[in-house]
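Here are my notes on the model you asked about. Have it open while you read, and go through the points in order.

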Amino acid sequence: LSSILILSSQGMAYEEANYEIVKENKNYEIRKYSDRLVIETNSIQGNGFRKLFNYISGNNKENEEIKMTVPVTQEVKNGNMTMQFYLPSRFNKDNAPKPVNSEVKILTIEGGYYAVIKYSGRSSDKNFLKNKDILDKALEQDNIIVLSPPIRASYNSPFTLPMLKRNEVMYRVDL
């Protein structure tokens, strides 16, 4: 059974947000991203994923199904936990299907530099915080200025075995 899960989880190729690695060391890498279009919602009571998934499943004004992309990101904005799905690169502000649900917003995440640490395992709060602390210390040691709250990025379906999962902690940084 586990070999079937591995095959299916590796067989799903999702479009990933484009970036260029500008610096790399043993702890983290710094990536340069262009502007990216996302759909976002508050993920209060853990229903953020469902709202965003409904949108890409065709619950939008154009009834258009949209392919899943990676990563799925979460960050705190104005004291609320938010969740974002990146829209495929063929979309822009003008041609992206309009949300039906008023809690789903389309917005552009401004490009820039992001410090990223990768880790495997479950995307639990404990695992996230442990890796956030490692990244915090490394960035402080390298005198890199952090410009954002920590961002949690997940790349795999919930059915992927923990040891095969790709998770990241990201910060927008000043280079």
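1. Leaving aside its neighbours within four places in sequence, which residues is Arg166 in contact with? They are Glu16, Tyr19, Arg31, Tyr119, Ala153, Ser154, Tyr155 and Asn156, where contact means heavy atoms within 4.5 Å.

2. Before going on, a word on the source. This is a predicted model, in which local features need pLDDT of at least 70 and side-chain atom pairs count only at pLDDT 80 or more, while totals for chains, interfaces and linings use all residues. Residues are numbered from 1 along each chain as its sequence is written, and side-chain values use heavy atoms, with hydrogens and water left out.

3. Back to Arg166, which sits in the loop between β11 and β12 (167–174); strands here are DSSP runs of E, at least two residues, and helices are runs of H or I, at least four, both numbered from the N terminus. Arg166 has 22% relative accessibility, so it counts as partly exposed (buried is under 20% relative accessible area, exposed over 50%, partly exposed in between, with a 1.4 Å probe and protein chains only). Tyr119 is 47 residues away along the chain, yet the two C-alpha atoms are separated by 6.1 Å.

4. Now try Asn27, in the loop between β2 (19–24) and β3 (29–33). Asn27 is partly exposed too, at a relative accessible area of 30%. Not counting residues up to four places away in sequence, Asn27 touches Ile117 and Ala138. Glu110 is another story: 83 residues from Asn27 in sequence, and 25 Å from it, C-alpha to C-alpha.

5. Zooming out, the protein has three helices and twelve strands. Its radius of gyration is 16 Å, close to the 16 Å that the globule rule gives for 175 residues, so the protein is as compact as a globular protein of that length (the radius is taken over C-alpha atoms, and the rule is 2.2 Å times the number of residues to the power 0.38). Of the 175 residues, 43% count as buried. Among contacts between residues at least 6 apart in sequence, 69% join residues at least 24 apart.

6. α2 (48–56), β6 (72–77) and β11 (151–154) each supply at least two of its residues.
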